[in-house]
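Colleague: I'm new to reading charged and aromatic contacts in a model. Could you walk me through a case?

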Amino acid sequence: MPKYEKMFGISIEVFDLQSMNTIKTGLIWLLRVAWIAGTLPILIASFPSSRLNSFHALLQGFAKRGKIMPSSSHKFTVPQSFFLHFYLLAVAWTTMLLMGTWYFAYKVAPLSSESLSYSAAASHLTGGSHVFSSHKYRFTSAEDRFNVWKSVFLLLLMEVHVLRRLYETFHVFNYSSSARMHIFGYLTGVYFYIAAPLSLCASCVLEVVNFLADQIADFNVEGQEMLSTTDFDLWRYVKPMTRLGWCQWAGAAIFAWGWLHQYCCHAILVSSLGFCCSQQDCEIKAIYVKGSLREHRDQTVEYVIPHGDWFEIVSSPHYLAEMIIYAGLLVASGGADFTIWLLLVFVVANLAFAAAETHRWYLQKFEDYPLNRWAIFPFVY
């Protein structure tokens, strides 16, 4: 290539990188502003002031669903079974982000001292031209490479979470045909399961998209040659995650604690066969949960006081477990990403607001409701 062509190529590449950084910064701040915009109204409505009663009631109407939504308030509502849409979207979107980011990390962000991944080196020896596209995105900083693999780890945890929620929607929950939720709550859920996984990998998602686009273009040109030199090694995709720090594994442990207890509490809510978690251990047992939320008698639904696991402490332990799950993600991220902090704040504010309404419903519904139960935070609220 003549010298002037090289110079022209370099100038174009720098311009693309500058554009990418600008767009990335805009995306990150868009996510942050969205989380703040979703959190502020809840915080304002929670402020104890009589002047805010109407605003508080408005947000309550948006948040109500299922048992706490009056049968006369079905205007602008959708079936609660539409929760399925959240988790179908979440699984598809998170899987796509996870697979793309994982492949990108494997190709251009090695945590070892090797300058090329195994597959990239093999392509280099055979003269594969797509090595150039790999080098365009190669991270020279060890911290940057570590952050890419950290994003892979966070997306993997998110994938485990949304897959379980999808499973529960099919096999645990049995939504009544009369159960409804506000359309605003439905749209908020759709947005949440798009923005939450994106927030976990926002620092590298544009590089991932550009890299995959280059890979597709290279494949269209040299598809047969690339296939003949591709050697898939699962361990080389997994090994870098064994080199992650203690923060990531501590966060994963917190995540697993909340994940297991949420499954347990969901089972108590909807079934007489529960997943029992004790202080000593957590194991699957086929037992009769006397205090399940619903008892079916003569094809009618009767709500009863739930008992077992964290229900002995708070009224909405499944919400508390959800907070712990996202707190685990924050710890696994290292706590340095402001976007993930805002994601957690939104989750806590949103679920605490909903839990307060659920707690009031229990107190009004049952005269013998245990007064030692807190709404959501043990010994605090």
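Colleague: Which residue forms a salt bridge with Arg164?

Modeller: First, the general idea: side chains of opposite charge can pair when their charged atoms come close. We call it a salt bridge when a side-chain nitrogen of Lys or Arg is within 4 Å of a carboxyl oxygen of Asp or Glu. Here the partner of Arg164 is Glu168, with the closest N and O atoms 3.1 Å apart. Before we go on: this is a predicted model, where local features need pLDDT of at least 70 and side-chain atom pairs count only at pLDDT 80 or more, while totals for chains, interfaces and linings use all residues. Residues are numbered from 1 along each chain as its sequence is written, and side-chain values use heavy atoms, leaving out hydrogens and water.

Colleague: Where do Glu168 and Arg164 sit in helix H6?

Modeller: They're four residues apart in helix H6 (residues 142-171), so about one helical turn separates them. Helices here are DSSP runs of H or I with at least four residues, numbered from the N terminus.

Colleague: Is Glu168 buried or exposed?

Modeller: Buried means under 20% relative accessible area, exposed means over 50%, and partly exposed is in between (1.4 Å probe, protein chains only). Glu168 has 0% relative accessibility, so it's buried. Arg164 counts as buried too, at 4%.

Colleague: And which side chain does Arg165 meet in a salt bridge?

Modeller: That's Glu322, at 3.4 Å from N to O. Arg165 lies in helix H6 and Glu322 in helix H11 (residues 317-333), so this pair ties together parts that are 157 residues apart in sequence. Both residues are buried. Arg164, Arg165, Glu168 and Glu322 are linked in a salt-bridge network.

Colleague: How many salt bridges does the structure hold?

Modeller: Five. Among them is the one between Glu357 and Arg360, at 3.1 Å from N to O. Those two are three residues apart in helix H12 (residues 338-365), about one turn of the helix. Glu357 is buried at 13% relative accessible area, whereas Arg360 is partly exposed at 32%.

Colleague: Which ring does the charged end of Arg164 sit over?

Modeller: The ring of Trp259, 5.2 Å from its centre. The rule is that NZ of Lys or CZ of Arg must be within 6 Å of the ring centre and within 35 degrees of the ring normal. Likewise, Arg32 lies over the face of Trp29, at 4.9 Å from the ring centre.
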